[in-house]
Amino acid sequence: EIAVFFGVLALLVLAHEFGHFVVARKKGMKVEEFGFGFPPRLFGFQRGETFYSFNLLPLGGFVKIAGENEAVSSDPRNFTSQSLLARSAILSSGVIFNIILAFIIFSSAIFIGLPIDAETHFLTAGTRDKVITIVEVLPQSAAESAGLMAGDKILALESEVGQKLTPAAISEIQAFTKNNLGQKILIERKRNNKIKVTPVFLSRNEIAPLGVAMSEIGIISAPWYKAPLVGLELTIIAIWRMIEGLFLILGLIFSGVSVAGLVSGPVGIFSVVSGSLNFGLTTFMSLVATLSINLAIINLLPIPGLDGGRLFFLAIEAVRGRPIGQKISNLAQTAGFAILIMLMAVVTYLDIKFKF
């Protein structure tokens with residue numbers, strides 16, 4: 001699972017930085033270094049005029065373009081010698097490549113067959129093979145004690161007295177478990193066949209006798225010539241939901257409400273990535289595509305240290321008619337990067353505290 005997590009991280013980072021790299025090279029600029037991870041450097045190699053480095057902190061990456069930190073330059077291959085439009089294209093290319101990556105992954109998953117909430121409606125595709133699936137198992141619950149896992153598909157239930165249920169709705173399972181409190185029931189699942197569990201309430205509020213969250217999951221698929229269209233729909237929906245979620249979190253922050261548990265750092269992402277493996281390949285692919293979109297949207301935030309911060313400085317330059325002083329720009333980028341690292345450390349601590 002650790003190898004899978006770092007593989008996902010590498011894919012997302014390399015796609016983003018490859019966008020910067022390709023557009024910079026296309027514009028004729030000199031790319032001095034293509035780095036995976038943040039320094040200190042572990043090792044690397046030179047190919048052509050670019051040095052490819054692998055660094056100790058695998059939480060990002062960078063592309064170093066000649067003249068990035070110079071106020072002015074007479075070298076036509078330097079970053080600062082380029083037009084505003086060219087520099088904007090380079091800074092936004094990482095975001096665009098992350099979105100393209102998400103689109104490709106979504107389209108591929110649709111072609112294979114993607115499990116999705118059966119109540120989700122699309123213009124060009126519908127769901128088939130619907131089955132009630134466990135999407136979350138509460139800690140210290142009857143389900144956890146019995147060995148039920150997220151991703152288990154519930155096919156049938158049987159009580160001690162021989163009462164059987166082939167559920168057509170989640171409400172039927174909830175009613176069945178409530179009617180058999182304190183008694184062993186046999187749950188037939190698609191994975192590893194049958195398992196015994198004794199439903200008990202977790203609290204005085206009489207909530208969740210099994211201790212699971214369930215959803216009716218169906219398969220959405222399309223032939224190769226239609227899969228890109230559905231993949232585009234999924235990509236647009238994921239972008240919109242990411243923006244909605246971002247504004248929700250910002251609204252909570254400005255209203256003084258804690259967002260602990262709503263945001264995730266590397267540890268939380270590792271937990272989600274490893275958990276998605278229980279749901280199959282295409283669910284895992286969908287998660288990777290969603291993470292790629294998250295990376296794209298976050299990078300557009302006008303915060304120094306991110307692509308959006310540098311684009312914001314270019315917007316100021318366009319309005320003023322001259323660039324912001326290089327000392328101020330470098331100081332802002334350095335301070336922004338330091339703040340981002342500190343935020344990453346805080347989020348990682350909260351991940352450990354609330355998720356483990």
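Reader: Which residue follows helix 2, and what is its phi?

Author: Helices are DSSP runs of H or I with at least four residues, numbered from the N terminus. In this structure, helix 2 is followed by Gly-113, whose phi is positive, near 125°. The model is predicted, with local features needing pLDDT of at least 70, side-chain atom pairs counting only at pLDDT 80 or more, and totals for chains, interfaces and linings using all residues. Residues are numbered from 1 along each chain as its sequence is written, and side-chain values use heavy atoms, leaving out hydrogens and water.

Reader: How many residues has helix 2, and what span does it reach?

Author: The expected span of a helix is 1.5 Å times one less than its number of residues. Helix 2 (residues 84-112) has 29 residues and reaches 42 Å from its first C-alpha to its last, close to the 42 Å expected.

Reader: Where does helix 2 bend?

Author: A bend at a residue is the angle between axes fitted to the seven residues ending there and the seven starting there. For helix 2, this angle is about 40° at Ser-93.

Reader: Is Leu-91 buried or exposed?

Author: Buried means under 20% relative accessible area, exposed over 50%, and partly exposed in between, with a 1.4 Å probe and protein chains only. Leu-91, which lies in helix 2, is buried, since its relative accessible area is 4%. By contrast, Leu-56 is partly exposed at 46%; its place is in strand 2.

Reader: Which residues does Leu-91 touch?

Author: Contact means heavy atoms within 4.5 Å. Not counting residues up to four places away in sequence, Leu-91 touches His-20, Phe-79, Asp-307, Arg-310, Leu-311 and Leu-314. The C-alpha atoms of Leu-91 and Leu-311 are separated by 6.8 Å, although these residues are 220 residues apart along the chain.

Terms used: Helix = DSSP H or I, 4+ residues; strand = E, 2+ residues; numbered from the N terminus.
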